[in-house]
Amino acid sequence: MKKIIYLFLLVTVSFSCKDAEKKSETKTTESSTQLFYKGEILTMATKKASYAEALVEEDGKIAFVGSLKEAEEKYPHAKKIDLKGKTLLPGFIDPHSHFGMVSNTMGQVDLNSPPVGEVKTIGDVLQKIKAYKTENKIPDGEWIFGWGYDESQLKEKRHLHKKEIDSVLPDNPVYLVHTSGHMGVANSNALEKMNISAATKNPEGGSIARLPNSKEPAGLVQETAMYPFMGTMLQILQKKQADYFESTQEKYASNGITTAQDGMTDRNAIQFFQSQADAGKFKIDLMALAGYTELETNLKDSLINWKTYKNRFKVQGTKIIADGSPQGKTAFFTEPFLTPVDGCESDCKGLPSLSQETLNDLFILAYKNENQLFIHSNGDASMDMVIAAHENACKELDQALDKDRRTIVIHSQFVRPDQLETYRKYNIEPSFFTNHAYFWGDVHVENLGKERAYFLSPIASAEKLGLKYTNHSDATVTPIDPIFTIWTAVNRSSRTGEVIGPDERATPYQALKAITTHAAYEFFEEDRKGSLEKGKLADFVVLDKNPLKVEPVKIKKIQVLQTIKEGNTVYKRD
Ligand SMILES: [Zn+2]
């Protein structure tokens, strides 16, 4: 996800130069040295799991890892922190999510189905949006937005109709975003506001669903047809981003994350984040991936902090969207979907979002300027295009195919085995998304067949090739919770309990590497983050149980007790 995030962040947030210049970082380090002991201190520093008896933090960094005796001798005045048998790990590094979108959901009605939310029927959706208006005293005429409904999880197994929304909210424009982020449903008032009527034709690359035997819009708008709604929504919600900034950070920190990501960031948002950073408002690190349509302008912008944090914020590289989503059947495959695809008659393989030519140009521009690329790619045909663009750029620029540039293919969801080998050869790394096995595993088996579905986000195969895979939530597509991503990587259980590809199940240690050491590597931060080693940042998470020592199916019940960023506690469970 999601081109729309980027395309429609049209709001001009005006920051005065004064704001940007004032206040360098105000440090609030508890300067005392801390000695952690009597716990499972899992270092993640070795090939196989290894534990340290004691760890010393000093000035925000790890000063010592080793025996308790030696720690006590070297640091006799350290404040001793008894872990009481709990597990201390490197702070989680979020390989891919959307900080800004998480923030935006705080201004919308939550329409997720269990286990994320509680919506089970269309009636539940209607009741929730009606209650939202009443509880928040929203006047007539003002927009109401909802997010996360999934028609496949509703009892009725269909999208809502505009008239159903009209029946509870006739006087407000309403737009409800589908869980995929690639479509949504509007009521009559909203369709009118966007000038969408029976006379409106489907835009290129999108579709407006119609009522039976009529041209009258039914409410559902897909892909490019939803852009005007998303644009309006993001304009309205972005004005509130400063209000939700603090709680968004807290949400990440409460999940054990010490480095978060905004996975597709436009220039306004980059400016917003940097201004928050310069005002000393970041407790954890945030990296942004800048949107590809602004790559040229961004490369010329001396105010962008590429790759290096300034006051806990950096822009790591550029995000490209190469195709759509597999569950929305817009991901681009070499073999067709096995079930009907809306708006497609035959041989339906999904679609690329960019032409090969455009992709080639973007790769050349980025590689020429040593700008790290992060490409959203789900289907194998789309990954063929990514690999071709990589080869073409290397040839054009006379660069080695395997140069250490760490191009990351975000999702790599339906990568083929031969493509994984190509990744290895070219030093391209995958960032997987095993939460799909749970949320859409059953749907993928139906739409794509067992062979393709079972190889989704193949951590075990990537491990055999020595790839430095990561594993993400893509929040808001699935919940931020890294513990849940460990659970899905290790179990690969679907909603119905089917194991989606038993051979690709990761070990708990591999699943942990995907959000610690490997993630640090993918963002060129392996010297300062990802493992508990002397000299690295004192970024930690404390868990109530050790993921390597509980029954795999119970991993999801593990709780984050405390999150520590450079020696400071940024979250503590009551
Ligand atoms: Zn994303």
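Buried means under 20% relative accessible area, exposed means over 50%, and partly exposed is in between, with a 1.4 Å probe and protein chains only. The model is predicted: local features need pLDDT of at least 70, side-chain atom pairs count only at pLDDT 80 or more, and totals for chains, interfaces and linings use all residues. Residues are numbered from 1 along each chain as its sequence is written, and side-chain values use heavy atoms, with hydrogens and water left out.

**View 1**
Lys137 is not a glycine, yet its phi is about 45°. Lys137 sits in the loop between helix 5 and strand 8 (144-149). Helices (H or I, at least four residues) and strands (E, at least two) are DSSP runs, numbered from the N terminus. Lys137 counts as exposed because its relative accessibility is 73%. Asp398 is also a residue other than glycine, with phi near 55°. Asp398 belongs to the loop between helix 13 and strand 17. With 73% relative accessibility, Asp398 counts as exposed.

**View 1. Cis peptide bonds occur at Pro114-Pro115 and Ala475-Thr476.**
Pro114 and Pro115 are joined by a cis peptide bond with omega of about 5°. Pro115 is in the loop between strand 7 (109-110) and helix 5 (122-135). Another cis peptide bond joins Ala475 and Thr476, with omega of about 20°. Thr476 is in the loop between strand 19 (470-471) and helix 19 (482-491).

**View 2. Tyr175 and Phe229 stack.**
The structure holds 21 aromatic pairs. Rings of Phe, Tyr and Trp (its six-membered ring) pair if their centres lie within 6.5 Å; planes under 30 degrees apart count as stacked, over 60 as edge-to-face and the rest as tilted. Tyr175 and Phe229 form a stacked pair, 4.9 Å centre to centre with 15° between the planes. Tyr175 is in strand 9 (residues 174-178) and Phe229 in helix 8 (residues 227-238), so the pair ties together parts 54 residues apart in sequence. Tyr175 is buried, at 0% relative accessible area. Phe229 is buried too, with a value of 0%.

Phe333 lies in the loop between strand 15 (313-321) and helix 12 (356-368), and Phe414 in the loop between strand 17 (407-411) and helix 14 (417-426). This pair links distant parts of the chain, 81 residues apart. Phe333 and Phe414 are both buried.

**View 3. Ring pairs build a cluster.**
Its members are Phe99, Phe245, Tyr252, Phe272, Phe273, Phe282 and Phe313.

Side chains of opposite charge can pair when their charged atoms come close. A salt bridge is a side-chain nitrogen of Lys or Arg within 4 Å of a carboxyl oxygen of Asp or Glu. By this rule the count is 31. In the bridge between Glu566 and Arg312, the closest N and O atoms are 2.7 Å apart. Glu566 is in the loop between strand 21 (560-565) and strand 22 (568-572), and Arg312 in the loop between helix 11 (295-300) and strand 15, so the pair ties together parts 254 residues apart in sequence. Both Glu566 and Arg312 are buried.

**View 4. Arg416 and Asp380 meet in a salt bridge.**
The N to O distance between Arg416 and Asp380 is 2.9 Å. Arg416 lies in the loop between strand 17 and helix 14, while Asp380 is in helix 13 (residues 380-397), 36 residues apart. Arg416 is partly exposed, with a relative accessible area of 23%. Asp380 counts as buried, at 5% relative accessibility.

Glu525 and Lys529 form a salt bridge, with closest N and O atoms 2.8 Å apart. Glu525 is buried at 3% relative accessibility. Lys529 is buried at 4% relative accessible area. Shared partners join Asp285, Arg312, Lys314, Glu525, Arg528, Lys529, Asp539, Lys565 and Glu566 into one network of salt bridges.

**View 5. Thr265 and Lys319 are 54 residues apart along the chain.**
Their C-alpha atoms are separated by 8.3 Å. Thr265 is in strand 13 (residues 257-265). Thr265 counts as buried, at 1% relative accessibility.
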